[in-house]
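Let's walk through it together.

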Amino acid sequence: MSEELSDEALLAMFADEVRRHYAFNLIVHKHQRRLYSFVRRMVTDPDETQDVLQNTFIKAWKGLPDFRGDSQLYSWLYRIAHNESISHLARMRRGLFTTDERIFERLTGTLDSTEHFNGDAIQQKLQKAVMRLPPKQRAVFTMRYFDAMKYEDMSRVTGTSTGALKSSYHIAVKKIEEWITEE
Amino acid sequence: MGPLNERDELKRLAPRLHGLPKADPFTVPDGFFERFPHQVQAAIAEGRSTNAPAWTWWKRAAFALPVLAILATGAMLLLRENTPAPVAVEVTPLPDSELVLLDDATLLAAIEDNAAAITPADLGHVDSALDETYLLAYLEEEGADLTELFNTTTE
């Protein structure tokens with residue numbers, strides 16, 4: 001049922017205080033899978049993905065009354081998910097003995113577990129290469145390569161110019177190609 | 001650059017990456033998407049904050065007190081090190097064989113040498129108008145031979 005309702009209809013329902021919770025439930029149902037996929041590629045761990053995604057929707061709940069509709073609802077939600085993922089990764093870096101290597105091990109640990117990852121060796125290699133990118137560049141690569149997002153939409157999500165995004169994606173592609181090619 | 005050109009660009013720039021399937025290899029926990037909307041609603045109902053839990057005052061105090069204690073101890077040790085220790089006066093002990101050889105004249109001379117450095121204040125209050133009665137009482141206590149004293153004075 002939620003797929004039949006447009007974002008405009010859902011937002012109109014949300015504006016009605018009586019039906020607000022029901023409308024928000026439908027919004028979560030409608031957008032959770034796509035956002036889950038993005039967050040999971042950013043943080044890899046399923047529990048941490050759930051936390052980040054939950055925080056995303058909690059913030060969406062608080063911010064929706066002020067949402068002016070000048071962008072698509074999905075882009076707006078994606079922006080929150082992007083910021084929450086970046087913040088989560090930034091919090092991981094805090095700590096006296098945190099090193100880049102330890103963070104990389106933590107992020108790629110999930111990829112070695114068949115419980116959480118069912119890709120083949122090359123896909124594992126690709127995901128590990130993606131994890132080596134800096135968080136913001138990882139987000140750019142994920143949005144463009146996996147989600148096929150337009151640069152204009154990515155610009156609204158990240159608050160970065162399309163030119164800078166193209167450059168960042170170009171560099172990310174070269175890096176990943178090099179990493180998945182090396183033995 | 002249109003989509004077709006970009007695909008060609010990707011193929012040229014990263015042929016191996018271009019050839020990989022874009023399937024999602026991550027396993028989603030069973031029933032996750034059925035449970036998740038309810039979890040979100042429950043979190044909203046609880047008024048859960050998205051930020052990291054703020055430190056309560058007692059947690060701050062529990063963290064700050066040991067730090068302050070360490071700093072205070074360090075400061076005390078530093079002050080103690082900077083306080084000059086009393087200078088020990090080196091006294092070269094004389095062996096008994098040399099002490100025996102010191103006669104009264106030598107001792108008195110040594111005292112006189114240092115006498116100039118002695119100020120009246122060092123001596124304390126000297127009552128120049130000391131009564132003769134007190135003097136005699138003192139001499140008797142010291143066991144002085146008063147007859148010798150009188151014989152000396154009469155001479």
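**A briefing on the predicted model**

Residues are numbered from 1 along each chain as its sequence is written, while chains are lettered from A and ligands numbered from 1 in the order in which they are written.

- Chain A gives 31 residues to the contact and chain B gives 22 residues, with contact meaning C-beta atoms, placed from the backbone, within 7 Å.
- On the side of chain A that touches chain B, at least two residues each come from helix H2 (20-43), helix H3 (46-63), helix H6 (121-131) and helix H9 (162-181).
- H2(A) supplies the largest share of that side, 8 residues.
- By class, that side of chain A holds 12 nonpolar, 13 polar and 6 charged residues. Here Ala, Val, Leu, Ile, Met, Phe, Trp, Tyr, Cys and Pro count as nonpolar, Asp, Glu, Lys and Arg as charged, and the others, Gly among them, as polar.

**Around Leu107(A)**

- Leu107(A) sits in helix H5 (residues 100-109) of chain A.
- Leu107(A) counts as buried because it has 22 C-beta neighbours inside 10 Å; the cut-off for buried is 20 or more other C-beta atoms within 10 Å, with C-beta atoms placed from the backbone.
- Beyond its neighbours within four places in sequence, Leu107(A) is in contact with Thr44(A) and Met131(A).

**Helix H8 and a partner**

- Helix H4 (residues 73-93) of chain A packs against H8(A) at an angle of about 55°, their axes 8 Å apart. Axes are lines fitted to C-alpha atoms, for helices over the stretch in contact, and angles run from 0 to 180 degrees between N-to-C directions.
- Ser75(A), Tyr78(A), Arg79(A) and His82(A) of H4(A) make this contact with Asp153(A), Arg156(A), Val157(A) and Thr158(A) of H8(A).
- The contact of H4(A) with H8(A) has 2 nonpolar, 3 polar and 3 charged residues.

Notes
Predicted model: local features only at pLDDT ≥ 70, side-chain atom pairs only at ≥ 80, totals over all residues. Helix = DSSP H or I, 4+ residues; strand = E, 2+ residues; numbered from the N terminus. Buried ≥ 20, exposed ≤ 12 C-beta atoms within 10 Å, placed from the backbone. Contact = placed C-beta atoms within 7 Å.
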